[in-house]
Amino acid sequence: MELEGLEKKAKGSGASQLVVKDLKEEFVKDFIFPCLRAGAIYERKYLLGTSMARPVIAKAMVDVAREVGADAVAHGCTGKGNDQVRFELAFFALNPELKVVAPWREWDITGREDAIEYAKKYDIPVSVTKKSIYSRDRNLWHLSHEGDILEDPGNEPEEGMYMMSVNPVDAPNQPEYLDIGIVKGVPVSINGKELSPASLLAELNTIGGKHSIGRIDMVENRLVGMKSRGVYETPGGTIMWHAVRELESLTLDLETMQVKDMFALKYAELVYAGRWFDPLRESMDAFMDKITEKTTGSVRLKLYKGSVTVASRTSPYSLYREDISSFENGQIYNQGDAEGFIRLYGLPTRVRAMLEKGI
């Protein structure tokens with residue numbers, strides 16, 4: 001559906017040739033999965049749907065520029081957004097000799113209404129209208145909504161705006177259970193059926209959208225310094241994210257999990273800021289690859305009217321031992337040992353209190 005009319009639009013915009021590349025599998029395998037494995041999430045909510053998509057698009061643009069002998073690339077990003085930074089940093093990293101054309105910054109287009117008038121003048125078909133002027137970005141991972149009434153954080157999103165998920169009120173009245181198979185921190189199967197990365201995500205989008213999973217409304221700090229309000233739909237990605245995190249509760253020890261979570265914050269910042277091809281992010285990938293070697297197993301999730309809850313987790317590499325964790329006495333853990341541990345662990349607290357009391 002999204003490819004219909006693109007050639008006319010491209011030619012109307014002045015292009016001599018249209019090149020369409022299928023990047024779905026590459027996008028999921030080489031861009032989404034590394035972020036998912038890292039646990040990257042920006043400002044507590046955002047699963048980086050737009051941020052991850054820009055480098056894979058930019059990489060393909062640079063490849064096509066090389067193939068056709070172009071000396072410049074262009075993008076349609078506004079001068080107020082994050083995407084201009086993401087595209088251009090990727091261009092710099094992959095081919096610093098390419099020139100960049102950015103009409104929103106260079107021409108007399110100062111807003112979306114100007115852009116609509118320009119398209120009308122040159123008979124370029126566009127889907128937005130002045131009555132419905134949402135700025136949307138959709139890919140296999142998510143759909144984002146910005147602009148129009150959303151520019152006022154005091155406005156509740158219109159239900160008719162959503163495109164990937166049903167209203168929670170209209171979602172099934174019975175929960176649905178999913179078994180997500182995971183290998184080395186990456187989902188590989190649904191209910192025992194192995195699928196390619198893109199096919200697996202597409203299937204989870206359908207299932208999650210049916211149950212209204214993955215709706216996020218947030219005010220975020222843009223890279224360019226301002227705050228913006230956006231609404232995101234990420235049904236399949238939300239399911240995947242919960243599954244991987246739940247499995248890690250079995251396979252990662254305390255300190256490893258804490259360090260991984262700290263790295264995840266920085267990882268998300270780098271991706272959000274367009275620094276995908278930065279050596280630091282690539283180095284962190286090496287850490288994530290090593291640390292998730294044993295994050296393999298299965299997680300059963302319960303989907304119900306917008307919520308995702310865990311029902312069970314299993315892993316052949318689980319660090320959880322029922323014979324140790326049970327409240328009954330066992331041979332491995334002697335509850336009497338806790339007294340000495342508490343005395344040593346609490347020594348600084350005790351010494352501070354003694355000082356304050358003059359003991």
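Predicted model: local features only at pLDDT ≥ 70, side-chain atom pairs only at ≥ 80, totals over all residues.

I begin with Glu159, which counts as partly exposed because its relative accessibility is 34%. For accessibility, buried means under 20% relative accessible area, exposed means over 50%, and partly exposed lies in between, with a 1.4 Å probe and protein chains only. Residues are numbered from 1 along each chain as its sequence is written, and side-chain values use heavy atoms, with hydrogens and water left out.

What does Glu159 pair with in a salt bridge? The partner is Arg215, and the closest N and O atoms are 2.8 Å apart. Arg215 lies in strand β8 (residues 215–221) and Glu159 in the loop between β4 and β5, so this pair ties together parts that are 56 residues apart in sequence. A salt bridge here is a side-chain nitrogen of Lys or Arg within 4 Å of a carboxyl oxygen of Asp or Glu. Helices (H or I, at least four residues) and strands (E, at least two) are DSSP runs, numbered from the N terminus.

Where is Ser165 found? Ser165 sits in the loop between β4 (143–146) and β5 (176–183). Ser165 counts as buried because its relative accessibility is 9%. The side chain of Ser165 makes a polar contact of 2.9 Å with the side chain of Arg215, and another polar contact, of 2.8 Å, joins the side chains of Ser165 and Glu233. A polar contact is a pair of N or O atoms within 3.5 Å; within protein, one must be able to donate a hydrogen and the other to accept it, and residues adjacent in sequence count only if both atoms are side-chain atoms.

If we set aside its neighbours within four places in sequence, Ser165 is in contact with Gly209, Ser212, Arg215 and Glu233. Contact means heavy atoms within 4.5 Å. Ser165 and Gly306 are 141 residues apart in sequence, while their C-alpha atoms are 9.3 Å apart in space.

Let us return to salt bridges, for which the count comes to 28. Asp63 forms one with Lys59, with the closest N and O atoms 3.8 Å apart. Both residues lie in helix α3 (residues 49–68), four residues apart, which is about one turn of the helix. Asp63 is partly exposed at 21% relative accessibility, and Lys59 is partly exposed at 29%. These two residues also belong to a network of salt bridges that links Glu26, Lys59, Asp63 and Arg66.

A further pair is Glu269 and Lys266, whose side chains meet in a salt bridge of 3.8 Å, N to O. They are separated by about one helical turn because they are three residues apart in helix α9 (residues 254–272). Glu269 is partly exposed, with 41% relative accessibility, and Lys266 is likewise partly exposed, with 35%.

I turn now to the cysteines. How many disulfides does the structure hold? The number is zero. Cys35 is in no disulfide, and the nearest cysteine sulfur, that of Cys77, is 18 Å away. A disulfide is counted as a pair of cysteine sulfur atoms within 2.5 Å. Cys35 is buried at 3% relative accessibility, and Cys77 is buried at 10%.

At the surface, Leu3, Leu18 and Val20 form a nonpolar patch with about 270 Å² of accessible area together. Leu3 is found in the segment before α1 (6–12) and counts as exposed, at 57% relative accessibility. Patches are made of residues with over 30% relative accessible area and no salt bridge: like charges are joined within 9 Å, nonpolar side chains (Val, Leu, Ile, Met, Phe, Trp, Tyr) within 5 Å.

Finally, I come to the chain as a whole. The protein chain has 13 helices and eleven strands, and its C-alpha trace spans about 80 × 50 × 45 Å along the principal axes. Of its 359 residues, 40% count as buried.

Definitions and conventions: Areas by Shrake-Rupley, 256 points an atom, 1.4 Å probe, with all protein chains shown as cover.
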